[in-house]
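Subject: Structure for your review

Dear colleague,

Please find the structure below, handed over for your use. My notes on it follow.

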Amino acid sequence: MHRVKIVLFTLLGLGAAALVAQQPSVSAPVQQPGANQTTPSVPAQTPGAPPGRVPPPAAYPHRAPADPAVVQRGRQIFSANCSFCHGSDARGGEGGPNLIRSELVMNDNNGELITTVVQNGRPDKGMPKFDLSTEEIASIAAFIHSAPVGGRAATTGTVDPLVGDAKAGEAYFNGAGKCATCHSVSGDLAGIGAKYTDIRALQGTMLSGEPMGQFSAVPWKTVTVTLRNGQTVEGKLYQIDDFIVSLIDADGNYHSYPRQGDYPKVVIKNPLQPHLDMLRTLKDDDIHNLTAYLVTLK
Amino acid sequence: MKKTRTFLLMISLVSLAGIAPAQGLDPASLTKPATDSWPTYSGDYSGRRFSLLTQINQTNVKNLGLAWVSHLTPGMSATGRFSRPGPGNAPTIVGGEIDEAVPVRGGGHISGAVLQVNGILYVTVPDNTWAVDARNGEVLWHYYWKTKGGTHIGNRGVGMYHDWLYFETPDDYLVSLDAKTGKERWHKVISDFNEQYFSTMAPIVIGNHLIVGTGDDLDAPGFLQSFDPETGELQWKFYTEPEKMGDPGSETWPNLDSMRHGGAGPWVPGSYDPQLHLYYFGTANPTPAFSGVTRAGDNLYTSCIVALNVDTGKLAWYYQPSPHDTHDWDAGQTPIIVDGEFNGKPRKLLLDASRNGYFFVLDRVTGEHLLSVPFADSLNWSTGFDKSGHPIGNPEKDASPGGALVSPDSDGIVNWQPPTYDPQTGLFYVATDENYSVFYRTEPNVRALQGLNGIQEQPVGTMGKFITAIDYKTGKIAWRHLQVSAGEGSGNTGLTTTAGKLLFGGDGNGNLVAYDPANGKPLWHTHLGQVSNAVETYMLDGHQYVLAASGDSLYAFALNF
């Protein structure tokens, strides 16, 4: 539900836009390291923080990492006594629930709540009692608590978008996809498969037209402004809304004009437009095939 | 004789109290649309955000000018502690259960309702509430809650009952303040912080009920609670998932474990029909959010519009805009209550533009489905509708290792920002963003799925942000106004309409704009920086004010006087 747009978007290279927090939104192009993200949408005052210090994000109750030896001992005791029902990873098994985010476990610190359950069992739910010591249960607790728990907890998998067929991708590139109308595998795309170490960034670049990953850059839109007297001014589009248009010309000069009625006339060229237009119809198979093909262009 | 005199005296005291400029808000007054106040989240219970005021109108809106600005400083203020409280030196009242607050970055922007009652504004950001003089923006008091942490993404405002205010904190307290002084009356825990709940909703006062929601990004079960506004005692608690197998709705889950870890906290205030006594609200998405593998079925009552009896908390009906959601598309958007014609017959309707990009018209007495229609061109995740108008999800658009190109992204076509309905045009207005993302599945081990994890999402473009006007009778788009921008523009905007034939909203480029609700033509604007809440309007001293927020500041506008 509530999430944070961690997409850092560089607004035309002019610096980060401080955005009104859109509730949710994630879209983290990189893996999230833990559960402790907050919303860095608008820089705000931090109560009591000395100036200049970047405070840590607000967090859920944070558990200090336990002694690895204790965690390991807990893992072994858990494995021998608990894993049959609760799974070797404590995330649930034959009859026993997922423990790492059970209400009781999340309110437990060092085994104090878990101990009662383990030593008395839960006969009504079919859990026998276990004759384990407080110290042994504390080590089990340390093991269970060592699992990352959070809505944005890091995952173990990696992205491997190479699921397509390069030959089909090549056919699409030169045929129905009309990629060859603007691009050439011996020209602008030469060696692109070798350039990108992150295939996901290559695929994102292919879709949006906007270089991503290690080559991250947002191309400028360009604009031609025609004034009432017929004079035209061209340049990189800096800002436009219903009331103003501004640009930076070839000499680096900034120009801005009010927009009133039909004047000035404004024509915007977005170099990414063909890519945007393509999003409406592109099929996932074509995306995967094209990506597989581009990767072969070493 | 003596007896009679006492009696007369009592009458005159009572009538005096009636006309004295009290600060209190009688909950009974909330059932009528207010013009001299903004007493609850949407201005009134209908959610339509339509003001009857006409002083500011199409003819004179060009003369709308700044009345005042008020910059608010959250946190432990340096002022108000060492000298006499007074102008520019309002007292800060500090609350909380720990000695030192967890440092917070972000969240210091106003992104909820600002109540205006008897000339005083009540405004919040996470952990902070202010009383502000609506005549000049002067801060009268500031309450600061020392937080234990939690997601500080926003606070949607206070609720008010007589002289008392209520707001939620990210670390899951409901705090009640004395509106006159900002002093705390009590605070109480509304959900378990250790289970990673966090609370943002503006409490809604209905009669002697205080409706309170809470959210969770892990997977703890969602619930809506009603408290006694006087004592803070719990009146009822409605879980947004069935509580045990066998209960109605449990057949839409594979087992108890998945059902009781299905998320779906209500995080946006709802609407209320005083005649039907029903409270309507949206629930959040199911969890794990981006994989349905462990939760086969429709997953009731996640991503649902729910109608509850406000006295009992019992379910009257539900409708699910996104059955078995797998893209974080909650149904948290504000539903709008309209009495209007449908198929030539007068009906009690509920209109809802959902995060998944579909607009729904329902009968709000029964929940009967009347209309489903996409309100964005970019949608590509559904294969059609079932017989009850639910969009059918295309499983090929679930996150996959190779990536699935999906519109909308997990933000949705719309988000929490409120829509508006104008009875003069018969149109429903909502700010839309026609965006695309690629959803990658990154977690092959379904046992490791929790909350919002297990995917990466790559935004790849937007067709644009629009204000979209929908004719609810047909579902047809009456007009769309492109929020042209050099970049992608900023987040969606909340909207408000008035009988002065004006539609107010932000344009995503830092402008506050008054549009013509008939066609979307801009009529007036001013550049504030991103408008971070939805505009409100009310009469004060014979002047109609328009109130907007940007970041940590409030801006009040009026015709030159």
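How many Å separate the centres of domain 1 of chain B and domain 2 of chain B, taken over C-alpha atoms? The separation of these two centres is 23 Å. Please bear in mind throughout that this is a predicted model.

**Confidence**

The model as a whole has an ipTM of 0.90 and a pTM of 0.90. For chain B the mean pLDDT is 92, with 94% of its residues at 70 or more. Residues 1–21 of chain B are an exception to note: their pLDDT stays under 50, and the model gives this stretch one contact beyond four places in sequence.

For chain A the mean pLDDT is 81, and 80% of its residues reach 70 or more. Residues 1–57 of chain A have a pLDDT below 50, yet this stretch has 169 contacts in the model beyond near neighbours in sequence. Among the elements of chain A, the highest mean pLDDT, 98, belongs to strand S1 (residues 222–226), and the lowest, 91, to helix H3 (residues 103–106).

The domain assignment of chain B places residues 39–72 and 493–561 in domain 1, and residues 87–109 and 114–183 in domain 2. Where they meet, 16 residues of domain 1 of chain B are in contact with 18 residues of domain 2 of chain B. On the side of domain 1 of chain B that touches domain 2 of chain B, at least two residues each come from strand S2 (64–71), strand S37 (536–540), strand S38 (543–550) and strand S39 (553–559) of chain B. By class, the residues of that side of domain 1 of chain B are 11 nonpolar, three polar and two charged.

The bond from Thr287(B) to Pro288(B) is cis, with omega near -5 degrees; Pro288(B) lies in the loop between strand S19 (278–282) and strand S20 (305–309) of chain B.

Chain A is divided into domain 1 (68–145), domain 2 (166–217 + 274–295) and domain 3 (222–270). The C-alpha centres of domain 2 of chain A and domain 3 of chain A are 32 Å apart.

Helix H1 (residues 68–81) of chain A packs against helix H5 (residues 134–145) of chain A at an angle of about 100 degrees, and their axes are 7 Å apart. H1(A) and H5(A) are therefore roughly perpendicular to each other. H1(A) contributes Val70(A), Val71(A), Arg73(A), Gly74(A), Arg75(A), Ile77(A) and Phe78(A) to this contact, while H5(A) contributes Glu136(A), Ser139(A), Ile140(A), Ala141(A), Ala142(A) and Phe143(A). The residues of the contact of H1(A) with H5(A) comprise eight nonpolar, two polar and three charged.

The axes of helix H6 (residues 166–174) of chain A and helix H10 (residues 284–295) of chain A come within 7 Å and cross at roughly 100 degrees, which means that H6(A) is roughly perpendicular to H10(A). On the H6(A) side the contact involves Ala166(A), Ala168(A), Gly169(A), Glu170(A), Tyr172(A) and Phe173(A); these meet Asp286(A), Asn289(A), Leu290(A), Thr291(A), Ala292(A) and Tyr293(A) in H10(A). The contact of H6(A) with H10(A) has seven nonpolar, three polar and two charged residues.

Helix H8 (residues 199–208) of chain A also approaches H10(A): the axes come within 10 Å and cross at roughly 115 degrees, and the crossing is right-handed. The residues of H8(A) in this contact are Ile199(A), Leu202(A), Gln203(A), Met206(A) and Leu207(A), and those of H10(A) are Ile287(A), Leu290(A), Thr291(A), Leu294(A) and Val295(A). By class, the contact of H8(A) with H10(A) has eight nonpolar, two polar and no charged residues.

One backbone detail of chain A remains. Ala90(A) has a positive phi of about 65 degrees although it is not a glycine, and Ala90(A) is found in the loop between helix H2 (83–86) and H3 of chain A.

With kind regards

Terms used:
Residues numbered from 1 in each chain as written. Chains lettered and ligands numbered in written order. Predicted model: local features only at pLDDT ≥ 70, side-chain atom pairs only at ≥ 80, totals over all residues. Axes fitted to C-alpha atoms, helices over the stretch in contact; angles between N-to-C directions. Helix = DSSP H or I, 4+ residues; strand = E, 2+ residues; numbered from the N terminus. Parallel < 35°, antiparallel > 145°, perpendicular 65-115°, else oblique. Contact = placed C-beta atoms within 7 Å. Nonpolar A, V, L, I, M, F, W, Y, C, P; charged D, E, K, R; others polar. pLDDT = per-residue confidence, 0-100. Domains from an automatic or database assignment. Left-handed = near helix turned anticlockwise from the far one by under 90°.
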